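Hi,

Here is the structure I promised to hand over. My notes on it follow below; have a look whenever you get a minute.

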Amino acid sequence: MTTQPRRFHLQRTTDITGVSGTGRVADGVQWADGTVSIRWTGPMPSTVFWHSLDNALHVHGHGGHTVIVWDDPEPAPAGDCEHCPDGHTPADSGSQPWHVRVGAERDGDGQPIRLYVERSAGAHVAESDADWVRARLGGQP
């Protein structure tokens, strides 16, 4: 079960019924309680609701000819950060993207000497985030 809505679409390689066509045939949302809404595209669009994604695929998966393609990343697992409602969002995912800005500090020639890497919206960071950034920059811990 997910902790937040997550978008997906259905991608079909073979249309065994001759009704929906191939390619991207539907857009969907998996809700926090595990239910799904699917909006079929094409000349006669419709919206259906399912108790679970497995139930929807049982009917519309066409023996593996239709697959789920997630448009949103998998929600981050809950961590143990008391300040974050979902634990601490891992450095490589989540709703708080990274930003970089040039600092005000200058050298003797007036050139900037610092970059600041931070989470958006003032979200806090953890030592694990610093380790993740260092690894991407090729630095030592």
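A charge counts as sitting over a ring if NZ of Lys or CZ of Arg is within 6 Å of the ring centre and within 35 degrees of the ring normal. Arg6 does this here, lying over the face of Trp70 at 3.9 Å from the ring centre.

Before the rest, some housekeeping. The model is predicted, so local features need pLDDT of at least 70 and side-chain atom pairs count only at pLDDT 80 or more, while totals for chains, interfaces and linings use all residues. Residues are numbered from 1 along each chain as its sequence is written, and side-chain values use heavy atoms, with hydrogens and water left out.

Back to Trp70. Rings of Phe, Tyr and Trp (its six-membered ring) pair if their centres lie within 6.5 Å, with planes under 30 degrees apart called stacked, over 60 edge-to-face and the rest tilted. That gives one aromatic pair: Phe8 and Trp70, edge-to-face, at 5.5 Å centre to centre and 70° between the planes. The two sit 62 residues apart, Phe8 in strand 1 (residues 6–12) and Trp70 in strand 5 (residues 66–70). Strands (E, at least two residues) and helices (H or I, at least four) are DSSP runs numbered from the N terminus.

On burial (buried is under 20% relative accessible area, exposed over 50%, partly exposed in between; 1.4 Å probe, protein chains only), Phe8 is buried at 1%, whereas Trp70 is partly exposed at 31%.

Phe8 also belongs to the largest nonpolar core, which has nine residues, among them Leu10, Val25, Ile38 and Leu53. Such a core is a set of buried Ala, Val, Leu, Ile, Met, Phe, Trp, Tyr and Cys residues joined through side-chain atoms within 4.5 Å. Strand 1, strand 2 (23–30), strand 3 (36–40) and helix 1 (53–60) each supply at least two residues of it, and strand 3 gives the largest share, three.

Strand 3 pairs with strand 4 (residues 46–50) in the antiparallel sense over five bridges; pairing needs at least two DSSP bridges between the strands. Within strand 4, Phe49 is the bridge partner of Ser37. Their hairpin has five residues between the strands, and Gly42 takes a positive phi near 105° there.

Last one: Ser52 is in the loop between strand 4 and helix 1, and is buried at 18% relative accessibility. Leaving aside neighbours within four places in sequence, Ser52 is in contact (heavy atoms within 4.5 Å) with Gly34 and Val36.

Cheers
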